[in-house]
Structure formats: structure tokens, C-alpha cells
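The structure comes first, then the text.

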Amino acid sequence: MARTSKPITVTLGSQQKSLDARLESGAYSSASEVLRAALRALDREEEALNEIMREKIREAIDDPAPDINADVAFARIERLHAERMKSGQ
């Protein structure tokens, strides 16, 4: 069976302790297993965040409230910023 991936070198820094602990616990039998599990978890996290963002965009598009003109929005932001600068926040 042909290998579908290639060997890589990874410098983990402070995460090395986390990898070592997982190997010592017996939960994983190799560093490769730990890294594959970590990448699968990252993929799930990114997909969940993407779904949240898609839902927020859908909500914004479907919101019946009137749109705010960009010039009005930026004027409000600039006014708030100026007020904060005056008060030293």
C-alpha cells in the first residue's frame, strides 16, 4: 500500500509537554496519532466557527430593521472615539 502522506519535522515548543503527556497516558500510541487528532479537532472547531458566522450573516441579511448608511455609522464611531479620547479612556 502506497503512503498517502509524507514525513514532516515539527517543532512544538511548549506544546511538547502536552504531546508527551498524551503519549505517557497511553491515550495515543504515537506523536502522529496526537497530531492527527489535533488537526481533526481544529477542523471541527473551524467548521463550527464558520457555521456560526454563516448563521450571523443569515440573521443580518434577514433582519427587517432598516439599514444604516455607512457615512452615518462611521460618523457615530468617530464621535464615540473622540468622546473617549477626551475622557482619557
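Asp63 sits in the loop that joins α2 (31–62) to α3 (70–87); helices are DSSP runs of H or I with at least four residues, strands are runs of E with at least two, and both are numbered from the N terminus. The model is predicted: local features need pLDDT of at least 70, side-chain atom pairs count only at pLDDT 80 or more, and totals for chains, interfaces and linings use all residues. Residues are numbered from 1 along each chain as its sequence is written, and side-chain values use heavy atoms, with hydrogens and water left out.

Why does Asp63 count as partly exposed? Its relative accessibility is 41%, and the partly exposed class lies between buried (under 20% relative accessible area) and exposed (over 50%), with a 1.4 Å probe and protein chains only. Asp62, in helix α2, counts as exposed because its relative accessibility is 60%. Asp62 and Asp63 form a negative surface patch with Glu59 and Asp67. Patches are made of residues with over 30% relative accessible area and no salt bridge; like charges are joined within 9 Å, and nonpolar side chains (Val, Leu, Ile, Met, Phe, Trp, Tyr) within 5 Å. A salt bridge is a side-chain nitrogen of Lys or Arg within 4 Å of a carboxyl oxygen of Asp or Glu.

## Nonpolar patch

Ile8, Val10 and Leu35 make a nonpolar surface patch of about 260 Å²; accessible areas come from the Shrake-Rupley method with a 1.4 Å probe, and for residues only the protein chains shown count as cover. Ile8 lies in the segment before α1 (16–25). With 62% relative accessibility, Ile8 counts as exposed.

## Overall form

The protein chain has three helices and zero strands, in the order α-α-α along the sequence. Along the principal axes, the C-alpha atoms fill a box of roughly 60 × 40 × 25 Å.

## Surface and charge

Of the 89 residues, 3% count as buried. The protein chain exposes about 8,300 Å², and carbon and sulfur atoms supply 56% of that area.

The chain carries 14 positive and 16 negative charges, whose mean positions are 6 Å apart. Lys and Arg count as positive and Asp and Glu as negative, while His and the chain ends are not counted. Each charge is placed at NZ of Lys, CZ of Arg, CG of Asp or CD of Glu.
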